[in-house]
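Please look over the structure below with its charged side chains and its pockets in mind. The briefing is meant to be read beside the model.

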Amino acid sequence: MKKKLLLLVTLAVAAIASAYAQPRAIGIRQGFGTEVSYEHSLGQNMLSLDFGIVGYAGLEAAVTYDWIDPFNTAFPWSKKGEWHWYMGVGAGLAWYWPSLPALGMSVGAAGRIGVEYDFWFPLQLSVDWRPVIGPSFYGDGGVGFNLGGLYAGAICLGVRYKF
């Protein structure tokens with residue numbers, strides 16, 4: 001029993017150390033709304049978490065798993081910094097202000113495609129498109145399709161601090 005517990009503790013410590021050893025970035029995404037953005041490196045790829053005000057009409061949260069330089073197609077220019085492009089998939093959820101009675105909430109699939117520049121100091125700039133499309137549930141009980149997810153919070157400029 002003690003050996004199993006020791007093995008479990010060792011694996012947990014190794015997993016936590018591995019997670020903290022990965023590069024991360026935190027900052028904002030600004031477009032048709034403002035979001036706090038967090039990126040966590042998973043080897044060659046990254047997990048992106050975004051939370052903020054969507055279209056200045058509600059709150060939105062989205063998570064995507066992004067492939068960096070997919071298909072081994074990196075930018076050839078890397079003077080002092082690095083250019084990368086990325087694409088990914090995930091999910092999103094939005095809740096709209098109660099003062100807008102026609103709106104309620106929406107859920108859906110998220111996609112992402114973008115380009116980023118990592119400076120030689122800990123700053124990252126990015127431009128991406130992250131639409132979230134799926135059903136919308138209105139305050140009056142109706143259900144529709146979230147076409148606003150194609151533009152609200154979708155095209156953004158990101159500024160992140162890398163650590």
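Predicted model: local features only at pLDDT ≥ 70, side-chain atom pairs only at ≥ 80, totals over all residues.

The largest pocket has a volume of about 380 Å³, and the second largest pocket has a volume of about 280 Å³.

**Salt bridges at Arg130**

- Side chains of opposite charge can pair when their charged atoms come close.
- Glu35 and Arg130 are joined through their side chains by a salt bridge, with an N to O distance of 3.0 Å, and this pair links distant parts of the chain, since Glu35 belongs to strand E2 (residues 33-42) while Arg130 sits in the loop between strand E7 (123-129) and strand E8 (132-133), 95 residues apart.

**Asp128 and its surroundings**

- Asp128 is placed in strand E7, and because its relative accessibility is 3% it counts as buried.
- A salt bridge joins Asp128 to Arg112, with the closest N and O atoms 3.0 Å apart; the pair links distant parts of the chain, Arg112 lying in strand E6 (residues 105-118) and Asp128 in strand E7, 16 residues apart.
- Arg112 is buried, as is Asp128.
- The side chain of Asp128 makes a polar contact of 2.5 Å with the side chain of Arg29, and another of 3.0 Å with the side chain of Arg112.
- When neighbours within four places in sequence are left aside, the residues in contact with Asp128 are Arg29, Tyr86, Arg112, Ile113, Gly114, Ala154, Ile155, Cys156 and Arg160.

**The largest pocket**

- Rolling a probe the size of a water molecule over the atoms shows where empty space is left.
- The largest pocket, of about 380 Å³, is lined by 22 residues, of which Ser41, Gly43, Gln44, Asn45 and Ile68 are the closest to its centre.
- Strand E1 (24-31), E2, strand E3 (45-54), E4, strand E5 (82-96) and E6 each contribute at least two lining residues to the largest pocket, and E2 gives the most, with 3 residues.
- By class, the lining of the largest pocket consists of 6 nonpolar, 9 polar and 7 charged residues.

**The second largest pocket**

- The second largest pocket, of about 280 Å³, has 22 lining residues, and those closest to its centre are Tyr96, Leu103, Asn146, Gly148 and Gly149.
- Two or more residues of the lining of the second largest pocket come from each of E5, E6 and strand E9 (135-137).
- By class, the lining of the second largest pocket has 14 nonpolar, 7 polar and 1 charged residues.

Technical notes:
Residues numbered from 1 in each chain as written. Heavy atoms only, no water. Salt bridge = Lys/Arg side-chain N within 4 Å of Asp/Glu carboxyl O. Helix = DSSP H or I, 4+ residues; strand = E, 2+ residues; numbered from the N terminus. Buried < 20%, exposed > 50% of the residue type's maximum accessible area, 1.4 Å probe, protein only. 1 Å grid on protein atoms, 1.4 Å probe; cavity = no way out; pocket = protein on both sides within 12 Å on 5 of 7 lines; lining within 4 Å. Points joined across faces, edges and corners; volume = space filled by probe spheres on them. Nonpolar A, V, L, I, M, F, W, Y, C, P; charged D, E, K, R; others polar. Polar contact = N/O pair within 3.5 Å; in protein donor to acceptor, adjacent residues only side chain to side chain. Contact = heavy atoms within 4.5 Å.
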